[in-house]
Amino acid sequence: VSGRIAAEEGEDVEDVQVNLDGSNIASIMTSDLGTFAFPSMPGGGDYTLDPAKNDDPLNGVTTLDLVLIQKHILGMSALDSPYKMIAADINKDASISAIDLLELRKLILGVNADFQSNASWRFVDADYQFASTNTALTENFPEVYGINNLNTDMNVGFTGVKIGDINNSVTANLTAGSVEAKS
């Protein structure tokens, strides 16, 4: 069982802990290419792939994200992807409201060190098709991948969503960008 985890824009997400529930194999971390691979496993087993990452909550979060969420709430400029909707649901209550703005503002100002009701990243099965952007938060989108009766090699992908980052400015992979010299 192997796969890749990438953000909505295609950037590889490194250092995601991928658990293979149902096995006695230790969890593994994604590489700088966002890839993971578990060793060979016996056939016929039932397993669940469960990615998790909960670090650096301010990565990619700026006051511009607050403005974008506020414009969405006021109906001035709707968020244009299901992943942005998930990112804007700061308190993970399946709606985007002033409470989400308040929670994000507390994080930016340093009142809170992390998200109170959410991890800093959420992961969606990459093959999942949302019915629409507007219904994304009320859909039961898969955040794990179930494997029943394993009988062949599998390649499973996830889309990583950085909570609070609406404009996709997150640095999901430290080796992906180039370093610019400043004088």
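The legends below describe several close-up views of one predicted model.

Residues are numbered from 1 along each chain as its sequence is written, and side-chain values use heavy atoms, with hydrogens and water left out. Because the model is predicted, local features need a pLDDT of at least 70 and side-chain atom pairs count only at pLDDT 80 or more, whereas totals for chains, interfaces and linings use all residues.

**View 1. The largest pocket and its lining.** The largest pocket has a volume of about 150 Å³ and is lined by 13 residues, among which Pro51, Trp121, Arg122, Phe123 and Glu143 lie nearest its centre. Two or more lining residues each come from strand 5 (47-52) and from strand 6 (121-125); strands are DSSP runs of E with at least two residues, helices are runs of H or I with at least four, and both are numbered from the N terminus. The lining divides into five nonpolar, three polar and five charged residues, where Ala, Val, Leu, Ile, Met, Phe, Trp, Tyr, Cys and Pro count as nonpolar, Asp, Glu, Lys and Arg as charged, and the others, Gly among them, as polar. A pocket is an open set of points, on a 1 Å grid over the protein atoms alone, with protein on both sides within 12 Å along at least five of seven lines, while a cavity is a set of points where a 1.4 Å probe fits but cannot get out; lining residues have an atom within 4 Å of a point. Grid points are joined across faces, edges and corners, and a volume is the space filled by probe spheres set on the points.

**View 2. The salt bridge between arginine 122 and glutamate 143.** The side chains of arginine 122 and glutamate 143 meet in a salt bridge, with 2.8 Å from N to O; the term stands for a side-chain nitrogen of Lys or Arg within 4 Å of a carboxyl oxygen of Asp or Glu. This pair links distant parts of the chain, since arginine 122 is in strand 6 and glutamate 143 is in the loop between strand 6 and strand 7 (145-147), 21 residues apart. Arginine 122 counts as buried at 8% relative accessibility, whereas glutamate 143 is partly exposed, with a relative accessible area of 26%. Buried means under 20% relative accessible area, exposed means over 50%, and partly exposed lies in between (1.4 Å probe, protein chains only).

**View 3. Two further salt bridges.** The count of salt bridges in the model comes to four. In one of them, lysine 84 and aspartate 80 meet through their side chains at 2.9 Å, N to O; lysine 84 is buried, with a relative accessible area of 17%, while aspartate 80 counts as exposed at 57% relative accessibility. In another, aspartate 55 pairs with lysine 53, and the closest N and O atoms are 3.6 Å apart. Here aspartate 55 counts as partly exposed at 36% relative accessibility, and lysine 53 counts as buried at 11%.

**View 4. The largest cavity.** One cavity of 30 Å³ or more is counted, and the volume of the largest cavity is about 50 Å³. The residues that line the largest cavity are Ile90, Asn91, Glu103, Leu107, Asn112, Asp114, Phe115, Gln116 and Ser117, and they divide into three nonpolar, four polar and two charged.

**View 5. Two loop residues with positive phi.** Aspartate 15 has a positive phi of about 60° although it is not a glycine, and aspartate 15 is found in the loop between strand 1 (2-7) and strand 2 (17-21). Aspartate 15 counts as partly exposed, at 39% relative accessibility. Lysine 92, also a residue other than glycine, has a positive phi near 55° and is found in the loop between helix 2 (82-88) and helix 3. Lysine 92 counts as partly exposed, at 44% relative accessibility.

**View 6. Alanine 113 in its loop.** Alanine 113 is found in the loop between helix 3 (98-109) and strand 6, where this residue is exposed, with a relative accessible area of 71%. The C-alpha atoms of alanine 113 and leucine 58 are separated by 8.9 Å, although the two residues are 55 residues apart along the chain.
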